[in-house]
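Please take a first look at this protein with the report below. Its sequence and structure come next.

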Amino acid sequence: MLKYEPQAIEAKWQEIWETQGTFSVSEDPKKEKYYTLVMFPYPSGRIHMGHVRNYAIGDVVARYQRLCGRNVLNPMGWDAFGMPAENAAIQKGIHPRSWTYDNIDNMRKELKSMGLAYDWKREFATCDPDYSHWEQVLFLRLHEKGLIYRKRSLVNWDPVDNTVLANEQVIDGKGWRSGAPVERKELFQWFMKITDYADELLEDIQNNLPGWPDTVRTMQANWIGKSHGVEFSFSIKDREETLPVYTTRPDTIMGVTFCSIAAEHPLAQSVADNDPKAAAFLKECQSSGTSEEAIERMEKKGYDTGLRAIHPLTNREVPIFIANFVLMNYGTGAVMAVPAHDQRDFEFARKYDIPVIPVIQPDNSDTLVGDAMTEAYTGPGTLFNAGEFDGIDNESAKAKVADTFEQMNIGKATVNYRLRDWGISRQRYWGNPIPMIHCDVCGTVPARDLPVKLPDDVELTGAGNPLELHPEWKKTTCPHCGGAAQRETDTMDTFMESSWYFLRYCCADLNNNPLDKKRLDYWMPVDQYIGGIEHAVLHLLYSRFFHKSLSDIGEVTSREPFKNLLTQGMVRKDTHKCPTHGWRYPDEVVEKEGKLHCVECDALIEIGRNEKMSKSKHNVVDPNALISTYGADTARLFILFAAPPERDLEWSDSGVDGAWRFLNRFWRINSEICDRTEGVEPASSQPKDPELKKLRSKLHQTITKVSEDLKRFQLNTGIAAVMELMNEVSPVLSKAAEGTLTGETAAVLREVAERSVVLLNPYVPHMTEELWEQVLKHETPLSESSWPLIDPDALVQETMTIVVQVNGKLRGRLTVPVGLDQEQLKEMALAEEKVQPHTEGKTIRKVIVVPGRLINIVAT
């Protein structure tokens, strides 16, 4: 019997797959295509267990679909631009390009050690000059169609990384990477018109992407934030201009007691021109971020401008405050404030002693009194204190107020969106240059000499934009007039690169255009996309928009890029923290009397249960060490078996040992079967022997189970089904006489070996390939074989097991022929030897039969 030696076996098959180009594919109209894709990684230098899980899941999908006869595209590349490379350059004195490509080389080697079925011929990094070139071409084509534009805009400014952050990159008021408090700053920025696609993005995510998780669909719908409201204007006392506002709560119009405006609002600026205190307040507002999350968490502050707005229905004067929580780029930059029915307005009103006037009365409740309220009432009810709208339910009042405003010609019903246009400018070096040129005569014009390449002789200090500070690179000539001009020094947001990389994979060798529409029509959309839930709003929303915009300029045919989406859970492991030495590795703690202590100082260790794996917390597991000890197949099997893909996985060292033991057992069982059945053809029909018939039925039940589980991504239960099958095989094999097997026994066991090896192949490809070739003696590789077919006759049950309960407690089991009626089952249950002691001397009140499952005897 051959010994299972994973390291040698894995090295052998990885070399075969690479040299033979086993998983390289091209378009084949005669075959059904299947495009599976896992979100490509940032080349940080080392893979982690999150990578192993992510890519193992994708590999199972690809291998299964290939065995099912589909033409499978399964590519890999690198999301290679971004700030970490610049930071590494500053800290280590290495150029970002060198750091990035060195990391790619290392991570490619590590990924290949996992035996992933990638078409490596399609590999690219987004920092490759070729990819940058074609992205710049797409930029200019989109700019020509008016989908990219430049304007001055208030941005989230990270004062440490010295770059602009998208709202999604501001977490708790701080930069997502640096952790520095975010500031407001006005700069010229480049934008993409994602808001033009808001309705289509919303419609498709809600109704046309059934293969996406509900959580992601909800998150994107909420981010788009479509709302129906009313836009109208307040007049301002002693001034000619008006104050336009947008509200989704026109039903509360009679409860307005003040108005608040953004610090960037023209009215605020005009007040500050003549009021030093107002000017100082505006400056203070600049130190806060522009994201809604930052606004929500900051202390709410305001400044009374001294101006008074005139209520459009009551003519009541209400103060106008500059407020640090109002954003200029949402709605009109001005808000009608109703403190009785908005909690933020309520807190602000109490702080600045502004009246609170309730106008919606909750049903079946005491009448609200403004001075007595301790919080805003935001629920439904009936209007009161509302003049002509008294007595109307608040939902009906929304339409009534909108109608009134339209009749008075002071406002109208309108739709608004939370979604803002996508700011794609970044003030950093390591990104794709924006291919535009600024000329004093011709204005801002497209560059013609593409690609615009980054300079190599750049000084990276961490302060400012390196391209802006470069003495020569930004100097150029205008492609229109030939005069002196300057290059755009901003680079593109890295989400630009990840918004079309999946398209470039389809035609990675194309050298005269960004995309090949004919090849895209064959491969797109991606049939199965896999990645983390953290990308629900950022990458996934931007990619959908970018794809639609490319469709509108004729680059692609489809409107959505990803047909199905799986968001995998995280890998978690306990952490150990010493009060003196901080985070500890497992070998830096020791157990004493049932408690963990620090090896260095003996302090009691604080244990964090099942926290996300993090290098900083020292609770990571090195995949390379795992693979070198157990082999890649064991690592893959454990991480696929430990939890369903969409759930978090709790790391278990004993679970790894269990996976290793099962693979060795699987190898031994199948090796023994093949040694004893050499030359025997697998069974193709049901045997006569009852035990062998049961085993063959179990095999085809397992084929059915694994097939269905793979389609539903229940990868762990598919593995469990194969484990159960091996449990059924062992006693049959043990009972058979030693030596060569013959007849029905040999044929059935041979079929079990042939089929089980294929069933496990998507999970553990190396070992199963070796069994297929060296043990089962097939000349054609398993990767070129087919998924096993199900024999319907083997699924026909002749007997079933019925549980028998007495007064709800398990008292026995019956193995009965299929098809017995309820009276026959009742008689057999009452006659069962193990049941009778629990019914003897009692009155049988009722016998309940649950068909196919159980019988419950009620006896007193």
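## The chain as a whole

This is a predicted model, in which local features need pLDDT of at least 70, side-chain atom pairs count only at pLDDT 80 or more, and totals for chains, interfaces and linings use all residues. Residues are numbered from 1 along each chain as its sequence is written, and side-chain values use heavy atoms, with hydrogens and water left out.

The protein chain has 860 residues, and 54% of them are buried. Buried means under 20% relative accessible area with a 1.4 Å probe, protein chains only. Along the principal axes, the C-alpha atoms fill a box of roughly 105 × 80 × 65 Å.

The secondary structure comes to 24 helices and 35 strands. Both are DSSP runs numbered from the N terminus: helices are H or I with at least four residues, strands are E with at least two. A contact means heavy atoms within 4.5 Å. Of the contacts in the chain with a separation of 6 or more, 72% join residues 24 or more positions apart.

Two strands pair if DSSP finds at least two bridges between them. Four strands form an open sheet in the order β4-β3-β7-β17, with antiparallel pairing. β4 (163-165) and β17 (422-423) stand at the edges; each has a single partner strand, so one side of each is left without a neighbour in the sheet.

Strand β3 is mostly covered, with eight of its eleven residues buried. Y149 stands opposite F191 in β7. On the β4 side, N156 has L165 as its bridge partner. β3 and β4 also form a hairpin with four residues between them. In that turn, N162 has a positive phi of about 50 degrees.

## A second hairpin

β21 and β22 form a hairpin too, with six residues between them. G482 in the turn has a positive phi of about 80 degrees. T476 has A485 in β22 as its bridge partner.

| Strand | Partner | Sense | Bridges |
|---|---|---|---|
| β3 (148-158) | β4 | antiparallel | three |
| β3 | β7 (183-192) | antiparallel | ten |
| β19 (436-439) | β22 (484-487) | antiparallel | two |
| β21 (475-477) | β22 | antiparallel | three |

## Cysteines

A disulfide is a covalent bond between the sulfur atoms of two cysteines. Here the cut-off is a pair of cysteine sulfur atoms within 2.5 Å. How many disulfides does the structure hold? The count is zero.

C259 is in no disulfide, and the nearest cysteine sulfur, that of C285, is 17 Å away. C259 counts as buried, at 0% relative accessibility.

## Cavities and a pocket

Rolling a probe the size of a water molecule over the atoms shows where empty space is left. On a 1 Å grid over the protein atoms alone, a cavity is a set of points where a 1.4 Å probe fits but cannot get out. A pocket is an open set with protein on both sides within 12 Å along at least five of seven lines. Lining residues have an atom within 4 Å of a point. Grid points are joined across faces, edges and corners, and a volume is the space filled by probe spheres set on the points.

There are three cavities of 30 Å³ or more. The largest cavity has a volume of about 50 Å³. Its lining consists of F23, V25, A62, R63, R66, V72, N74 and A117. Helix α2 (residues 49-67) gives the largest share, three residues.

The second largest pocket holds about 820 Å³ of space. Its lining has 26 residues, and T248, Y330, V335, D342 and R344 lie nearest the centre. β9 (242-247), α10 (292-297), β13 (334-337) and α11 (343-351) each supply at least two lining residues.

Notes. Buried < 20%, exposed > 50% of the residue type's maximum accessible area, 1.4 Å probe, protein only.
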